[in-house]
Amino acid sequence: MNRLKLYFQLIRMDKPIGILLLLWPTLAALWLAAGGKPAWTLVAIFCVGTALMRSAGCAINDFADRDFDKHVKRTAERPLTSGKIAAWEAVMVAVLLTLLSLLLILPLNTLTKELSVIAVIVAGSYPYFKRFFAIPQAYLGIAFGFGIPMGFAAVQGSVPAAAWLLLVANVFWAVAYDTEYAMVDRDDDLKIGIRTSAITFGRYDVLAIMLCYAASLGLIFAVGWQYGLRGWFSAGMLLAAACAIYHYRLIRNRDRVGCFAAFRHNNWLGAAVFAGIALDYALR
């Protein structure tokens with residue numbers, strides 16, 4: 001049981017914020033693709049698959065960063081970094097969860113399966129982008145948002161331009177919230193040589209975050225308007241914009257506690273966007 005608890009911590013099931021940050025844009029894509037009425041079997045597949053892939057991503061991320069995390073105060077006591085589990089165990093967990101997620105999509109069409117392979121490759125390679133890519137959070141946004149084109153593919157059998165715009169919007173959103181997250185560890189990351197957007201943006205980090213929020217919400221609003229969403233959708237987008245403004249208040253002094261609180265609060269921003277979409281369809 002103690003071993004299972006360590007695996008549970010490895011895949012961050014005790015910290016589900018990551019699952020939610022993947023889930024909200026995926027659900028929004030399913031609702032848009034299906035005109036507000038996605039099949040509940042499809043919703044269940046994507047919800048479980050999102051949780052499995054995020055968990056696998058955590059395991060492979062800890063494996064890739066095991067020699068770096070020991071130098072970061074916030075991550076030094078993670079199961080793999082602290083030596084409580086072995087590196088091969090993290091790989092085993094990641095492979096098992098990935099296989100389970102791939103089994104889930106067997107009933108879906110060929111295009112969705114092909115996109116899932118790309119999603120696995122992107123998710124698995126993300127941890128290594130921090131070695132050389134100045135803004136790895138942008139790559140994270142692709143990994144975290146690949147449920148968007150997969151959702152459209154599963155419903156419509158194709159991926160329209162709107163889906164790719166939503167993926168771009170998700171990239172901007174991921175850069176915003178993960179830069180807030182990276183601001184917490186900036187001092188440690190500078191010492192060990194990890195590349196993050198918080199370091200790349202430097203003293204313009206807060207400005208960059210707010211511009212990314214604006215770009216993300218602007219693209220989502222444009223897509224929603226294109227799909228005929230109006231009143232409730234607009235209300236949801238206004239609430240999401242209010243969340244972004246609240247995050248500015250939390251991060252403007254670059255306090256670690258405030259930056260981490262802003263990162264966690266992005267759950268409500270994503271929920272507001274999805275709620276606006278779902279309510280607009282449901283209350284027509």
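How much of residues 16-34 is helix, how much is strand, and how far apart are the end C-alpha atoms? This is a predicted model, where local features need pLDDT of at least 70, side-chain atom pairs count only at pLDDT 80 or more, and totals for chains, interfaces and linings use all residues. Numbering runs from 1 along each chain as its sequence is written, and side-chain values use heavy atoms, with hydrogens and water left out.

**View A. Residues 16-34 and helix H2.** The span comes out at 89% helix and 0% strand, with its end C-alpha atoms 27 Å apart. Helices here are DSSP runs (H or I, at least four residues), numbered from the N terminus. Helix H2 covers residues 17-33 and reaches 25 Å from first C-alpha to last, close to the 24 Å expected (1.5 Å times one less than its number of residues). Of its 17 residues, 16 are buried, so H2 is largely enclosed by the rest of the structure. Buried means under 20% relative accessible area, exposed over 50%, and partly exposed in between (1.4 Å probe, protein chains only). Just after H2, Gly 35 takes a positive phi of about 60 degrees.

**View B. Ser 101 in helix H5.** Ser 101 sits in H5 and counts as buried because its relative accessibility is 6%. Leaving out residues up to four places away in sequence, Ser 101 touches Gly 49, Leu 52 and Met 53 (contact: heavy atoms within 4.5 Å). Ser 116 is 15 residues from Ser 101 in sequence, and 9.3 Å away C-alpha to C-alpha.

**View C. Leu 106 in a loop.** Leu 106 lies between helix H5 (87-104) and helix H6 (110-129). With 52% relative accessibility, Leu 106 counts as exposed.

Key. Helices (H or I, at least four residues) and strands (E, at least two) are DSSP runs, numbered from the N terminus.
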